[in-house]
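Hi everyone, thanks for coming along. I'd like to walk you through one model today, so let's bring it up on the screen.

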Amino acid sequence: MSKEQDSENLKIGTESYKGVRDFYPEDMAVQNYIFSVWRKVAEQFKYQEYSASILEYANLYRSKGSDEIVNEQMYLFKDKGDREVALRPEMTPTLARMIAAKRKSLKFPLRWYSIPNVFRYERPQRGRRREHWQLNCDLMGIAGIEAEVEIISIAHAIMKEFGAKDEDFEIRINSRKLLQEAYAPILKDPSKPEMLFRLMDKKEKMEKGEFESEWEKIFTGPFKEAKQIDSPKLGEIMQTLEKQGIKTKFDISITRGFDYYTDVVFEVFDTNPENRRSLFGGGRYDNLLEMFGVEPVPTVGFGMGDVTIRDFLTTHNLPLLRQT
């Protein structure tokens, strides 16, 4: 091998790792603007900021996460002490661990927010990267519907603070309990309702034939679009929000991808045909602390990623920097 060839082989590329981003000053200005809106609204609602390391023990995600994230998307490695470690794919299990660690000394309700960097090994595409930053807002210690109302109100307020009009986005809401009630009679294995939730979560991304084929593997009867089931709780949430000027739409297919959600779930969708997709979402998860062997705390929260929000702002020609 010649010296020229050897030198060529030693060259280090300037490309960043696939699926992540470099932030030059002009990009950092946009990122800081997004973060500033998140912080402003969260703190207007009296939420306090917390944080944690991006490194967690891998078993934190195995019991209550998403099979797809845990088995296919999580960055795993062994440290020098032969411990299995993960780059966090989401913040909620970390929050649960932190609350469980000081469960007896904390004074509830708690209103906390964080803007963590999270990592998932997935195919980079519009709206998805292998790392992103995500606003997490969680209200812990309130079992009543006022928790859902407050969390959805924060999500709505953030969209408005970015300059979005009500017609630019749509808040769709559902209940996992209602979904299970609607389809449980034809579920082949009633002990595995998570199979229903996972399939419905993917419904909008699947071709009709593919969805029907997967449906037949799980259910004894054909798929029929369920109508809204009478639910005083869900109806009251929607009515209360409407009185505050926040419109929501019932959608039986909204389930969210994580197994820890227990009841009401919601997602915010872009209504622009050029970017018609889910932007972010959240819901109620009351039992996550059980895996730590401590008394559970009723919790409602949501996560909003920087990538989808930046795409939303660009699609709707909204400012990417603070207007002076």
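**Strand β5 and its neighbours**

Let's begin with E49, whose bridge partner in β5 is Y113. Before going further: this is a predicted model, where local features need pLDDT of at least 70, side-chain atom pairs count only at pLDDT 80 or more, and totals for chains, interfaces and linings use all residues. Residues are numbered from 1 along each chain as its sequence is written, and side-chain values use heavy atoms, leaving out hydrogens and water.

Strands here are DSSP E runs of at least two residues, helices are H or I runs of at least four, and both are numbered from the N terminus. Two strands pair if DSSP finds at least two bridges between them. Strand β1 (residues 48-49) runs parallel to β5, joined by two bridges. On β7 (residues 131-140), five bridges link to β5, and this pair is antiparallel.

Now over to helix α7, residues 194-202, where the buried residues are L196, F197, L199 and M200. Their cover includes α6 (176-183) and α8 (208-218), with contact meaning heavy atoms within 4.5 Å.

Finally, a word on side chains: in a regular strand they alternate between the two faces of the sheet.

Note on methods. Buried means under 20% relative accessible area, exposed over 50%, partly exposed in between (1.4 Å probe, protein chains only).
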